[in-house]
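Colleague: Before I rely on any label attached to this protein, I would like to hear what stands behind each one. Could we go through them in turn?

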Amino acid sequence: MKNLTVPLVTCALALVIFLAGCSQEASTLQGDAPKKEAAAKILLYNNVREPTSLDPPVGFDMVSYDILNNMMEGLTRLGKNQTPEPAMAKEWNISPDGRTVTFLLRDGIKWSSGDPVKASDFEYAWKRLLDPKQPSQAAPLAYIIEGGEAYNAGRGPAEGVKVKAVDDKTLRVTLTRPAPWLIAMTANPAFFPVPQAAVENNPKWAAEASTLLSNGPFKPAEWKHDAELKLVRNEHYWDAANVKLDGVTFKMVNDANTEYQLFQSGELHISSVPPDLSEKLFAENKVTVEDSAGTYFYRFNTKMPPFDNTSIRRAFLLAVDSQKIVDLVTKQRQKPAAGFVSYGLKGPDGRDFRDAGGKLVTFDAAEAKRLLAKGMAEAGYAKLPEVTLTYNSSDLHQKIAQTLQAMFKENLGVDVKLANKESKVLAAEQKALQLQMSRSSFLPDFADPINFLDGYQSGHPMNRTGWSSQRYDGLIRSAYMETDEQQRFSLMHEAEKLLIEEAPILPIYFYSSTYLQSGSVTDIVRHPYGYIDFKWADLR
């Protein structure tokens, strides 16, 4: 998704950040059938913390969208092979110029209340996503819709947004330009429908299990805030016959050791790999590591000294040995970030975007020292201004922050202070450009390099660095308009190279999906470019 500040208990939560898994033998680590709720097939999963919101345009982070992806459904759904499949829509037609997409909805689709899901629910939801009166971080995803950006910026009316419910079963969308990723993007929770009457009758409709409505495989049954959210099978779901679980309970345990203990005792089906035990568990072949998507990184505030100087930002970037961080701190076998765009995106020539782009982020202590001296001279510093590195609450984030602190001292001779803030506070202060250097993460919303890169355009709500480059903005605009795929990828490579050269960000590593999993669990689908999916999961 865009840049998301998601608290990580360990480095591979859920599908990419925290959890770690294994096909296991009969042992306590295998996770015998959970002791609780044994009579029914209830999957027990750690969501780490309370969802930010279960209102689709508001949540926009993993802890919210992992739940929404199982409770609701869009026009399409990512299938087991990671490609979009018909969901609420049974089919769609794309005009010859690629700018008009018409979705035809299934017969018999319903909300968990039993009321029909209509095309108007999608029109209302997508315009609500763009409504400037209730700003959503996900809104830029819908700028591809004609009139969307103007409405969101307050320069145009809602009626100017070209998404139209032609009738109850037909939704027509007009785009500003062809967008090959649109079909997959409609599987993203930001584009899920919402029930207009429920929303308008109760502004807090998404805050309690009793008022939430769903149209997906599961529906909410009980919500003990900051403790657990219970979902049960939704009998009104159009494909309920293929949902094998009776329910999913999302626990909220923000401590790696506690989570692991719950897994060992059978109170969770899935767990992260505790760093202190990772060597042992990997050696015993009890850990599963899968490719994922997204980047763990830090943002520099380019409006605040000393990071308003490019040479100093570059010095801090080159002073970090990411290989040591993944080997000695996270211990989850992630790949050090060679750029900002992670692996798994093929170009028109069949090569992975990351491989084609090369290693843009490197560790070079000598060059880091030279650039620091250069930057201090450029800024007129006899002594570098005090630097504070801010991270959000988590054992893993703290250990990484402490490691960065030591590297900056060893490789630059700079004493960096550390500050710890709760996730929501950090996100708010980061957006307001109140932090010098702060932790962040990016999880893509759809499988295209442009999704990683467009957030650093000048003034973009996901920028959060204050960085602005007319050249970069031009490259991204050109990439959006380019119809030749070879040229489009070339423009995106040039943009990523400029992003790393200007260094408003410091990429650390690419996420992987690393987890321990009970042998009784089958068919969980982890989408590298999406969210965890329990629709097809089963318990034996």
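Colleague: What makes Lys230 count as partly exposed, rather than buried or exposed?

Modeller: This is a predicted model, in which local features need pLDDT of at least 70 and side-chain atom pairs count only at pLDDT 80 or more, while totals for chains, interfaces and linings use all residues. Residues are numbered from 1 along each chain as its sequence is written, and side-chain values use heavy atoms, with hydrogens and water left out. Buried means under 20% relative accessible area and exposed over 50%, with partly exposed in between (1.4 Å probe, protein chains only). Lys230 has 22% relative accessibility, so it counts as partly exposed.

Colleague: Why is the pair Lys230 and Glu222 called a salt bridge?

Modeller: The term requires a side-chain nitrogen of Lys or Arg within 4 Å of a carboxyl oxygen of Asp or Glu. The N to O value for Lys230 and Glu222 is 3.8 Å, and their side chains therefore meet in a salt bridge. Glu222 is partly exposed, with a relative accessible area of 33%. Both residues belong to a network of salt bridges that links Glu222, Lys224, Glu228, Lys230 and Lys251, and the count by this rule comes to 25 salt bridges.

Colleague: How do you know that Arg128 and Asp55 form a salt bridge, and where do they lie?

Modeller: Their side chains meet at 2.5 Å, N to O. The pair links distant parts of the chain, with Arg128 in helix H3 and Asp55 in the loop between strand E2 (42–46) and helix H1 (56–59), 73 residues apart. Helices (H or I, at least four residues) and strands (E, at least two) are DSSP runs, numbered from the N terminus. Arg128 is buried, with a relative accessible area of 9%, and Asp55 is buried as well, at 7%.

Colleague: What separates Glu367 and Arg370 along helix H12?

Modeller: Glu367 and Arg370 are 3 residues apart in helix H12 (residues 365–379), which means about one helical turn lies between them. Their side chains meet in a salt bridge of 2.8 Å, N to O. Glu367 counts as partly exposed at 25% relative accessibility, and Arg370 counts as partly exposed at 45%.

Colleague: Why is helix H2 described as largely enclosed by the rest of the structure?

Modeller: In helix H2 (residues 62–71), 10 of the 10 residues are buried, and so the helix is described in that way. Among them are Met62, Tyr65, Asp66 and Met71.

Colleague: How confident is the predictor in the protein chain, and over which residues does pLDDT stay under 50?

Modeller: pLDDT is the predictor's confidence in each residue, from 0 to 100. The protein chain averages a pLDDT of 91, and 93% of the residues score at least 70. Over residues 1–31 pLDDT stays under 50, although the model has 198 contacts beyond four places in sequence for them.

Key:
Contact means heavy atoms within 4.5 Å.
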